[in-house]
Amino acid sequence: MNAVLRPITNHHAAPLQVRKLSHGYEDGTVLAGIDLSLQPGSVLGLIGRNGAGKSTLIRAMVGLLKPDSGEAFLFGEPALKISDSVKARLAYVPQQPEALAWLTAQQMFDYVGRFYPDWDASFAKTKLREWGILPNKVLGKLSPGERQRVDLIRALASQPSLLILDEPAAALDPVARRDLLREIALRAGEAGTTVLFSTHIVSDLERVASDIAFLHEGKLLLQCAVDESKERFARLWLPASMSAAAPTDALSRCRHADGSLSVVVERRADGAWPEAALLPGARVDALGLEDLFVEIAG
Amino acid sequence: MFAIQPTSAEPIYRQIVEQLRRLIAGGQLVTGELLPSVRDVAGFHAINPMTVSRAYGMAESEGMLERLRGKGMAVAATTRSTATQAQRMALLEPQLQDLARHARELELPGDAVLRRLGRLLEE
């Protein structure tokens, strides 16, 4: 299924790999030893609260930020010094694109299109119309949302092997957002495009992502397949009288006003829930991703 | 043709498999009927094609679907178009258990719930 249609120059190198990446700002550590590897054709949804460091991680991945320690690799090349051939296969859309503000959307496409061997000019033209962008308006005069839409079109039209999007949903109305998700899903499934996108809209991620990663307090939690996350984790609720028996290795614990306790638990290797789930009054609730996220990050 | 709820705690591939099971058991999908392609389902719902393939593959391995060369997936010939009432009833069991649990949590009397359910079934 994950067939890659175009040849990979660096054989067997993962499209994206991050090793022990750490970074901090003056007000504290943002990333604390991140490890991550993406397989071709996978779609990773990166979620985390505002300020969790998603954009910092993404900027380090694409070589726009030099981390305090650790490294990121794109198709096997260090992100801080990638070759032109890797650049041509990568598309990154920041939250607030600012480059080439003096050009119109059409001029910018004509200009950047020359750098991409597989540039799809007719796709770019169609999408501009569908997403309501005037092709002859100077980019600097577009709203931030319109500006990001233009950049998303630029990224998709280049037909990249690796597509990295920082909060792409924020700029789009529901119809265009669904349209973008469809593009992401079909390109990953059919052309083998590898995608990483950050979001705080969990339902977007549930639709198209094959894998998730929660960025929380500098670490990536619950790195796994989306389907697996729903089947492997659940909320265990214990009445006050039983709360002392809660598993000590639970992913999160929340004490309620009546003394009852809810914890996020993981299935054991044999598929069973931890033993506390069998206690009288205990209840196991399946969790959607949003609930799981709130339980852990809340 | 499928109703997909991405936010449900039930993974999307499972939602598709269970809907296929119900549609086939209820006779809405009959032997030989072609299913929409993976691409059509994925494109329509803006979901990952791999999720749809996984669901179709599971349904195939359970014998609900069969792959027709060059045509795609169809409802398997071995599937009886209408399962027995007991088999169809078994498919409803999880929802009935959920309903019973919710009714108990709300401390609703059973006969009131059954009256309402009866009216819904007559609609």
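The model is predicted; local features need pLDDT of at least 70, side-chain atom pairs count only at pLDDT 80 or more, and totals for chains, interfaces and linings use all residues. Residues are numbered from 1 along each chain as its sequence is written, while chains are lettered from A and ligands numbered from 1 in the order in which they are written.

**Stop 1: the two domains**

Select residues 16-217 of chain A, which form domain 1, and then residues 232-297, which form domain 2; these bounds come from an automatic or database domain assignment. The C-alpha centres of domain 1 and domain 2 of chain A are 36 Å apart. Their contact involves 8 residues of domain 1 and 5 residues of domain 2 of chain A, where two residues are in contact if their C-beta atoms, placed from the backbone, lie within 7 Å.

On the domain 1 side of this contact, H7 and strand S9 (211-216) of chain A each contribute at least two residues. Helices (H or I, at least four residues) and strands (E, at least two) are DSSP runs, numbered from the N terminus. By class, that side of domain 1 has 5 nonpolar, 1 polar and 2 charged residues. Here Ala, Val, Leu, Ile, Met, Phe, Trp, Tyr, Cys and Pro count as nonpolar, Asp, Glu, Lys and Arg as charged, and the others, Gly among them, as polar.

**Stop 2: the sheet S2-S1-S4-S5**

Next, display S2, S1, S4 and S5 of chain A, which in that order make an open sheet of 4 strands with antiparallel pairing. Two strands pair if DSSP finds at least two bridges between them. S2 (28-38) and S5 (77-78) of chain A are the edge strands, each with a single partner strand, so one side of each has no neighbour in the sheet. Strand S1 (residues 16-25) of chain A pairs with S2(A) in the antiparallel sense over 8 bridges; to see one of the pairs, select Leu16(A) and its bridge partner in S2(A), Leu38(A).

Axes are lines fitted to C-alpha atoms, for helices over the stretch in contact, and angles run from 0 to 180 degrees between N-to-C directions.

**Stop 3: the sheet S12-S13-S11-S14**

Move to the open sheet of 4 strands ordered S12-S13-S11-S14 in chain A, again with antiparallel pairing. From one strand to the next, the twist averages 25°. Helix H9 (residues 289-297) of chain A packs on this sheet, touching S11, S12 and S13 of chain A, at about 115° to the direction of S13(A).

Focus on strand S11 (residues 233-238) of chain A: 5 of its 6 residues are buried, so S11(A) is largely enclosed by the rest of the structure. A residue is buried if 20 or more other C-beta atoms lie within 10 Å of its own, exposed if 12 or fewer, and partly exposed in between, with C-beta atoms placed from the backbone. S11(A) pairs in the antiparallel sense with strand S13 (residues 261-266) of chain A over 6 bridges and with strand S14 (residues 283-286) of chain A over 4 bridges. Select Leu236(A): opposite this residue are Val263(A) in S13(A) and Val284(A) in S14(A).

**Stop 4: the side facing chain B**

Finally, show both chains: 22 residues of chain A are in contact with 15 residues of chain B. Helices H6 (174-191), H7 (202-208) and H8 (226-232) of chain A each supply at least two residues of the chain A side. The largest share, 8 residues, comes from H6(A).
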